There are 2 protein chains.
Amino acid sequence: MQQALEKATAFVPGHITGFFSAHPAADPATAGSRGAGLALSDGVQLTVSAGSSLSLNGEILDVDPVDRVLETLDVTAAVEAETPLPLGAGFGVSGALALGTALAANAAAGCGYTENELTEIAHCAEVEAGTGLGDVVAQARGGVPVRLEPGGPTHGRMDGIPATPQLEYVTFGELSTETVLSGETEQLSAAGEAALEKLLAEPTLETFMRGSKTFAREAGLLTEEVRTAIAEVEAAGGQAAMAMLGQTVFAVGGGLSAAGYEPAVCRIDAAGGRLCNTEQLE
Amino acid sequence: MQQALEKATAFVPGHITGFFSAHPAADPATAGSRGAGLALSDGVQLTVSAGSSLSLNGEILDVDPVDRVLETLDVTAAVEAETPLPLGAGFGVSGALALGTALAANAAAGCGYTENELTEIAHCAEVEAGTGLGDVVAQARGGVPVRLEPGGPTHGRMDGIPATPQLEYVTFGELSTETVLSGETEQLSAAGEAALEKLLAEPTLETFMRGSKTFAREAGLLTEEVRTAIAEVEAAGGQAAMAMLGQTVFAVGGGLSAAGYEPAVCRIDAAGGRLCNTEQLE
């Protein structure tokens with residue numbers, strides 16, 4: 001039986017993957033992806049308190065990884081989440097909900113886990129639900145995260161590109177992570193490995209953007225609208241790529257604005273997922 | 001010969017170690033400490049630009065680890081740093097200067113290192129200068145960092161306590177890290193290992209504070225003023241401990257204020273060392 005539930009709040013950045021290779025495994029703690037992405041100042045803020053439902057922007061919904069996290073923690077709680085990010089469009093909202101729930105529920109119920117343990121619980125929940133492979137570890141780290149080795153914190157290994165660009169993005173619609181990840185990922189993974197090798201040889205934002213654009217093309221995931229937007233940003237002198245996995249185009253600096261779009265604007269979140277409440281010893 | 005130097009700015013949190021065990025080694029990348037501490041919103045902000053001197057709060061000075069970092073990066077640069085933290089009092093100012101210089105000089109000169117590589121360079125500079133063993137990796141991570149295994153990012157391993165307390169601190173004077181670390185550290189390290197084991201069994205802020213207080217006593221480092229301040233905070237119902245290595249007392253929440261002190265007040269810095277300038281691709 002759980003202890004009395006306090007109220008706790010957490011923030012987790014959104015995460016756009018630029019390119020990746022899939023590394024499935026029987027053990028969810030070792031399964032994951034290699035690749036690179038951007039942790040966004042636009043993210044998910046959520047509060048855990050007494051109750052038993054999940055709401056996102058005021059709407060009740062079911063998110064499998066959140067249920068799994070609460071089950072692992074053995075906590076029954078209400079989760080109220082707010083985000084400016086769309087679901088299913090490549091921003092890692094399900095990963096953010098899973099990690100935020102882990103952080104806040106641990107604090108609210110006094111479960112006594114470390115940050116690595118909470119990240120691992122959320123990572124495993126995402127992998128088992130089939131909703132993501134690498135968002136959670138990237139969201140826990142923040143910055144411009146590079147997944148060197150797949151898996152949760154116990155088995156995986158992270159690095160980061162030292163850069164803090166302004167970011168812009170536009171979304172044209174969803175793309176099912178489950179469908180892509182459950183299909184044939186061989187070609188996609190080969191393209192992802194090639195992009196990662198180039199990035200590690202020259203770890204800059206420009207190499208990341210170039211690798212991301214090449215990846216989307218080689219992985220065969222570009223839709224017509226996405227292809228057009230990337231081309232228009234380039235025609236205006238900028239660099240843009242596609243968020244994996246969603247019909248979302250992102251650009252660094254003012255690339256999308258310069259091409260005549262009306263994008264959402266945000267920054268890099270350097271901190272990664274974290275508790276927001278001030279816990280004070282009395 | 002280095003490329004033309006742009007201007008780049010970095011921020012690195014201060015870091016208070018609560019307890020530690022020393023793990024010297026011939027290779028500075030594997031040398032380090034195990035233990036736990038707090039990354040502070042009070043830290044070092046610095047700018048790297050053309051020139052060749054280091055200033056801290058307007059005063060020219062020599063800091064061995066900074067020289068070593070610039071030498072490793074093969075960059076000649078001026079470093080202008082500002083901090084509200086005192087030097088030599090247990091706030092990891094030399095580590096912050098080393099890591100901040102690595103981050104900013106890498107960006108300014110286009111050296112092309114990843115964040116792990118820059119952390120490793122700063123860590124090795126600190127170890128070789130004898131000014132610290134574990135501050136740099138803790139400052140790179142942010143939060144309430146736990147050093148599970150000693151060393152830079154290649155060999156070491158980090159975790160964190162999920163907590164975001166308000167912090168207070170007062171400083172009564174310096175304590176030489178070089179002198180303590182170059183002396184007999186066996187008893188100190190045994191106390192540090194014991195505190196870490198307890199913290200990992202119950203990873204909460206309260207266990208961290210209790211372990212830190214016990215460590216300072218067992219390591220034989222308490223001065224009279226420090227002992228008195230800790231006792232007065234406890235008499236007022238709070239928890240306080242001593243920063244390693246300095247004559248500094250820190251408390252969570254309003255512990256020092258409640259005991260009649262006029263402490264500096266800050267928060268946890270969740271992000272860790274980072275570039276501050278917005279790097280935009282044109």
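Good morning, colleagues. What we have before us is a predicted model, in which local features need pLDDT of at least 70, side-chain atom pairs count only at pLDDT 80 or more, and totals for chains, interfaces and linings use all residues. Residues are numbered from 1 along each chain as its sequence is written, while chains are lettered from A and ligands numbered from 1 in the order in which they are written.

Next, the interface. Two residues are in contact if their C-beta atoms, placed from the backbone, lie within 7 Å. In these terms, 37 residues of chain A are in contact with 36 residues of chain B. The elements of chain A that give two or more residues to this side are helix 2 (93–109), helix 3 (115–129), strand 7 (157–160), helix 7 (205–218) and strand 12 (274–275). Helices (H or I, at least four residues) and strands (E, at least two) are DSSP runs, numbered from the N terminus. Because 97% of the interface residues of chain A are also interface residues in chain B, the copies meet through the same surface.

I turn to chain A as a whole. Chain A has nine helices and 12 strands. Its radius of gyration, taken over C-alpha atoms, is 18 Å, close to the 19 Å of the globule rule (2.2 Å times the number of residues to the power 0.38) for 282 residues, so chain A is as compact as a globular protein of that length. The C-alpha trace of chain A spans about 60 × 40 × 30 Å along its principal axes. Of the 282 residues in chain A, 58% are buried; a residue is buried if 20 or more other C-beta atoms lie within 10 Å of its own, exposed if 12 or fewer, and partly exposed in between, with C-beta atoms placed from the backbone.

Finally, one residue. Pro84(A) lies in the loop between strand 5 (78–82) and helix 2 of chain A. Is Pro84(A) buried, exposed or partly exposed? Pro84(A) counts as partly exposed, because it has 14 C-beta neighbours inside 10 Å.
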